[in-house]
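Here is a quick tour for anyone meeting this structure for the first time. Have a look at it, then read on.

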Amino acid sequence: MNNIIENYKEHFDRLQSSPTSNAMSVLAAVRQNAFNAFSKMGIPTARHEEWKYTRIGSLFNAELQFPANLLPSIEAELEAIRLPGYEQANELVFVNGYFNSSLSRIRSAELITLTMEEAAAGEYKDFVLRYLGDSSRYLKDGINALNTAFTQGGVFLHVKKGQAIEHPVYIYNITDARTAAILAQPRSLVHIGENAQVQLVETYSTIGIADSFTNQVMEVVMEKDSLVEYYKIQNDASHASLVSTTHFLQTGKSYLHTVTISLNGAIVRNNLNVILEAEHCEAHLYGLYFQGGKSHIDNHTIVDNVKPNCFSNELYKGILNNEASGVFNGKIFVRPQAQKTNAYQSNKNVLLSDAASVNTKPQLEIFADDVKCSHGCTVGQLDEEALFYLRSRGISEKIARFLMIRAFAADILEHIKPAPIHAYVEQLISERLEFHIL
Amino acid sequence: MLTIKNLQAGIEGKRILNGINLDIKAGEVHAIMGPNGSGKSTLASVLAGRQDYEVTGGSVEFLGKDLLELSPEERACEGLFLAFQYPVEIPGLSTTNFIKTAVNEIRKYHGEKPLDAVGFLRLMKEKMALMNIDQSLLSRPLNEGFSGGEKKRNEIFQMAMLQPRLAILDETDSGLDIDAIRIVANGVNKIHSKENAVLVVTHYQRLLDYIVPDFVHVLYNGRIVKSGTKELALELEEKGYDFIKNEIDVTEQVG
Ligand SMILES: Nc1ncnc2c1ncn2[C@@H]1O[C@H](COP(=O)(O)OP(=O)(O)O)[C@@H](O)[C@H]1O
Ligand SMILES: [Mg+2]
């Protein structure tokens, strides 16, 4: 552990003393605080309450390289990674954690796209100072601090007041592990102005056969009357690990809709924070994980009701095959002031094999009395009675399982609104089904 | 068509069927009646291939094949259909999509090409008219939130779509009012022909006013204790099952 901290200190000192760094004192200060925190906390172990079932320490035993901000040639690979509908979409490309403007295509003029360094030095300085690192109020661990400590080459997005971005924003997080095992740490800060609207879609792709570890943080600040749809689609290689943190701060009455789809990876940990800091906010959190092999998928969600009269609905569903393991931890906080909160949560799991497992834990901390909250979780197998019903109609066992898993996933998938992305995920699920249901 | 010889079956070591003998020929309608718990659903389930039940003896031949050797889906493809006493709800699976899959799986089994969208729609429309069933029901998830009557009608609609050789109706009348019973029975009668047979499992005689059986069998304690024509059903209705029970229990004591 100390080795890691010492090793990373060298990288950190180099970053802080680099000529580009000194000029951006805002970022340098944020980084310094975060590195101090990282040095104290280190990489979270199983002793950390929030990391009991997800062990990422061993990932750091491998020689993970801090990649330099050099542009590897990935044009051809990018073509294969592009999501359907890209011809119309805005595309943001991160390579090894660095935002790459030459590969990115911004089609909507209303979408302000800056590097974090530019944003921190210019007119958005105060905003960056105020909100960059806001997620650390909730995620008190070394892995979140590590990303912030190495904030460089990130991106700042701003959707201006009253603007609705017509085309979705596709964000590709690409890790080039062709020559070495890579630690990539993409960072972004997004400001959705008053009465603005945007659809965000993120994917993760590792190129090459070496291990990759992506430690990503995105923080999104939503103003009054704004609307955000956020889709996270994870179908990376089996040797690719990921900690993906997405932090939404709803500072005015606003509407958030998120769908998290996890289909493959080595160790995948998603932190989804939704902070309802204004009255009458609404948030919908949907998730589907369908994994096999020895993969591990962990969804940690937080819905924090700070102000009264907010509504949140959360439904996560999981299908685990082979030796795959899953974790669901859903926290709902209702602060003393947050009367008339409506908060619902449900997690349902189907285990397709005896060796698959899931740990599911709702965690409600309610400090107001006039609230409606519910939670529930289930773990089971595919319903034998239903399988028999389908088979009794001439449907083979394989197809019957196929239909039942699709049916189970249906009420998550229906919430993916952009048509090309919906079709794309349906296709990925079909491929997964072909793969898992022999 | 179906020949059951000395069929014995049970679950978790418990004997439920104690030697059933039954012979059904193409074109015939048979009714099995009996008090609750006598083993009617067990018989239907064993014939359809439910794996929870263990067959401990006897044989079943269906259209020249050893039925007990076949998987549930093979039995269906060979022409056996069970209308469930308790149809299963599957949220997220559209009824139409389910039926289309079933129709095409059975076609595949017989080496036929799948029906295309147009062909399937035509078949659906024809059977919907026949069964007096509404499109809106079929576009909903399978049986989810269906009333008891809608579920049973959906069972009979599936039967019409799959065109089985032998249809077993397990208490298709239970929980239905008289109008619903008439609709269901009508559907069954419309697709009944010389080529196929129907086995009606019921607790009450009233369904048999509409689906008139050629033979009536009384099941009691896992055995067919009495067989006759449709008059037997009327006698049961009049005297209740106790008269059979007394008769049997007396003979068993004597024997
Ligand atoms: N899955 C089961 N597990 C245990 N006992 C069963 C099961 N299914 C049926 N039985 C028993 O077998 C007997 C016959 O049941 P069933 O075939 O449902 O009768 P019927 O349909 O004539 O009412 C009953 O005593 C019932 O309790
Ligand atoms: Mg029964």
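## The second largest pocket

Strand E18 (342-351), strand E20 (372-380) and helix H9 (397-413) of chain A, along with strand E7 (90-94) of chain B, each give at least two residues to the lining of the second largest pocket. Helices (H or I, at least four residues) and strands (E, at least two) are DSSP runs, numbered from the N terminus. The top contributor is H9(A), with five residues.

This is a predicted model, where local features need pLDDT of at least 70, side-chain atom pairs count only at pLDDT 80 or more, and totals for chains, interfaces and linings use all residues. Residues are numbered from 1 along each chain as its sequence is written, and chains are lettered from A in the order in which they are written.

The pocket holds about 420 Å³ of space. Of its 20 lining residues, Lys317(A), Met404(A), Ala407(A), Phe408(A) and Pro91(B) are the closest to its centre. A lining residue has an atom within 4 Å of a point of the pocket, on a 1 Å grid with a 1.4 Å probe; a pocket is an open set with protein on both sides within 12 Å along at least five of seven lines. The lining splits into nine nonpolar, five polar and six charged residues.

## The sheet in chain B

Over in chain B, four strands make an open, antiparallel sheet in the order E2-E1-E4-E5. Strands E2 (14-24) and E5 (65-66) of chain B are at the edges with a single partner strand each, so one side of each has no neighbour in the sheet. Strands pair if DSSP finds at least two bridges between them; E4 (residues 54-62) and E5 of chain B pair over two bridges.

Definitions and conventions
Side-chain values use heavy atoms; hydrogens and water are left out. Grid points are joined across faces, edges and corners, and a volume is the space filled by probe spheres set on the points. Ala, Val, Leu, Ile, Met, Phe, Trp, Tyr, Cys and Pro count as nonpolar, Asp, Glu, Lys and Arg as charged, and the others, Gly among them, as polar.
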